[in-house]
Amino acid sequence: MDQPILSPQWGLQLQITPRQHTFITAKADEVLFGGAAGGGKSWAQLIDALLYALTYPGSRQLVLRRTFPDLERSLILVHYGLYPRAIYRYNAATHRGTFANGSTVEFGYCDSENDVYRYQGAEYDVIRFDELTHFTQQMYIYLISRVRGANSYPKGVKSTTNPGGVGHAWVKQRFIDTCPPRQLYRTHAGTRLFLPSKIFDNPFLLKKDPAYLKRLENLAEKDRRALLQGDWDVFEGQYFTEWRREAHVVKAHEIDKNHRRYFVMDYGLDMLAGYWIALDERGRATVYREIYESGLIISQAAARIQALSADEDIYAYLAPADLWNRRQDTGRSVADIFAQQGMFLQKAQNTRISGWLDLREWLRCVPDETGAVLPSLRIMENCVNLIRCMPLLQYDSANPTDAATQPHEITHSPDALRYFAA
């Protein structure tokens with residue numbers, strides 16, 4: 001395919017890929033470009049900044065990396081050879097470049113949470129994050145508030161990244177889980193756009209360094225899935241390394257009425273995470289429905305579960321052992337109150353560590369009688385929170401056999417599923 005050629009009024013001729021062109025012309029309030037190594041993301045970011053600066057005289061842009069050494073050896077170094085000396089000057093002391101038309105591009109970093117306050121009071125037309133997953137969500141939310149100004153120029157935040165890093169979970173939730181690829185997604189706060197990119201979208205790199213693809217193919221499986229395939233379901237510290245979206249997530253379908261059905265839950269006022277599971281005659285399980293709601297008192301939770309279970313024969317309602325702990329002031333337990341509402345719970349028979357190990361066995365892909373390699377447990381695509389949380393669960397740094405209890409929001413769904421696994 002012929003590559004688009006950009007020839008702005010300043011006499012520049014810049015050859016880019018079709019995917020880079022899509023990024024440069026994207027109009028969403030927040031744009032994320034990336035997903036795999038070698039897609040030409042940083043190059044597209046610098047060209048986009050250049051074209052924006054030349055198109056909108058006097059505009060202000062901020063380009064960010066997490067640390068200054070990362071910034072200096074990547075974006076700053078590359079932009080020296082890209083931006084025309086005849087119309088651009090870079091001041092190494094201030095880390096700011098100025099164009100002949102008065103536009104500026106500032107190169108900055110946020111090594112710690114408090115570094116965001118160095119930009120307090122600043123105004124930018126566009127902020128650009130390179131390797132967004134290296135930033136925390138708090139950094140991102142604060143810094144995008146600096147996108148403002150009285151001029152009529154288009155404002156936005158444009159980011160590039162690969163999977164992995166300290167911000168993997170929140171970036172995945174904000175862009176990957178909610179935004180269909182290449183489709184504008186509207187929120188109450190504006191619009192977002194996710195543009196996936198892989199090495200095969202960058203023929204320039206494949207031509208100049210064909211061995212780079214082989215180097216990516218030779219990586220360990222987890223790194224290969226992240227950097228070559230752009231798989232957002234893998235990252236460093238991941239607990240369920242068995243997780244494969246293509247294997248574990250299935251389309252919603254009718255459940256055979258003869259399959260034994262279970263309900264499992266993790267309950268608290270902060271979140272009720274409940275799942276309906278069908279077990280077939282071969283011992284394979286399918287999670288076919290979920291409830292994921294916060295702020296429900298016990299009577300409300302019981303009513304919601306019973307309504308969703310109407311006309312179904314539930315073999316067992318499984319819950320964690322701590323729901324049987326009795327309060328000193330009333331002598332009643334949470335399980336007692338559920339029983340008063342007509343919902344009789346059974347205590348899950350697994351400890352935390354053994355439960356996680358059992359669940360990993362359910363997730364492991366093994367050959368069936370036909371030779372097909374499948375897991376023993378699959379999840380229907382309508383169980384969106386379980387699908388979101390399972391691959392995000394991390395190891396406990398103090399005990400690698402156990403799963404971490406933080407971030408707390410993502411632990412409810414895997415905990416509920418663990419009670420079924422024994």
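Aspartate 266 touches Met271, Leu272, Ala273, Pro320, His412, Asp415, Ala416 and Tyr419, leaving aside residues up to four places away in sequence; contact means heavy atoms within 4.5 Å. The structure is a predicted model, in which local features need pLDDT of at least 70 and side-chain atom pairs count only at pLDDT 80 or more, while totals for chains, interfaces and linings use all residues. Residues are numbered from 1 along each chain as its sequence is written, and side-chain values use heavy atoms, with hydrogens and water left out.

Aspartate 266 is part of strand S13 (residues 260-268). Strands (E, at least two residues) and helices (H or I, at least four) are DSSP runs, numbered from the N terminus. With 12% relative accessibility, aspartate 266 counts as buried. Buried means under 20% relative accessible area, exposed over 50%, and partly exposed in between (1.4 Å probe, protein chains only).

The side chain of aspartate 266 makes a polar contact of 3.2 Å with the side chain of histidine 412 and another, of 3.3 Å, with that of tyrosine 419. A polar contact is a pair of N or O atoms within 3.5 Å; within protein, one must be able to donate a hydrogen and the other to accept it, and residues adjacent in sequence count only if both atoms are side-chain atoms.

The structure holds 23 aromatic pairs. Rings of Phe, Tyr and Trp (its six-membered ring) pair if their centres lie within 6.5 Å; planes under 30 degrees apart count as stacked, over 60 as edge-to-face and the rest as tilted. Two of the pairs are tabulated below.

| Aromatic pair | Centre to centre | Angle between planes | Class |
|---|---|---|---|
| Tyrosine 52 and tyrosine 56 | 4.7 Å | 45° | tilted |
| Tryptophan 362 and phenylalanine 420 | 5.2 Å | 50° | tilted |

Tryptophan 362 lies in helix H12 (residues 352-363) and phenylalanine 420 in helix H14 (residues 412-421), so their pair ties together parts that are 58 residues apart in sequence. Tryptophan 362 is buried at 16% relative accessibility, and phenylalanine 420 is buried at 7%. In the other tabulated pair, tyrosine 52 is buried, with a relative accessible area of 9%, whereas tyrosine 56, at 23%, counts as partly exposed.

Ring pairs also link Phe129, Phe135, Tyr140 and Trp170 into a cluster.
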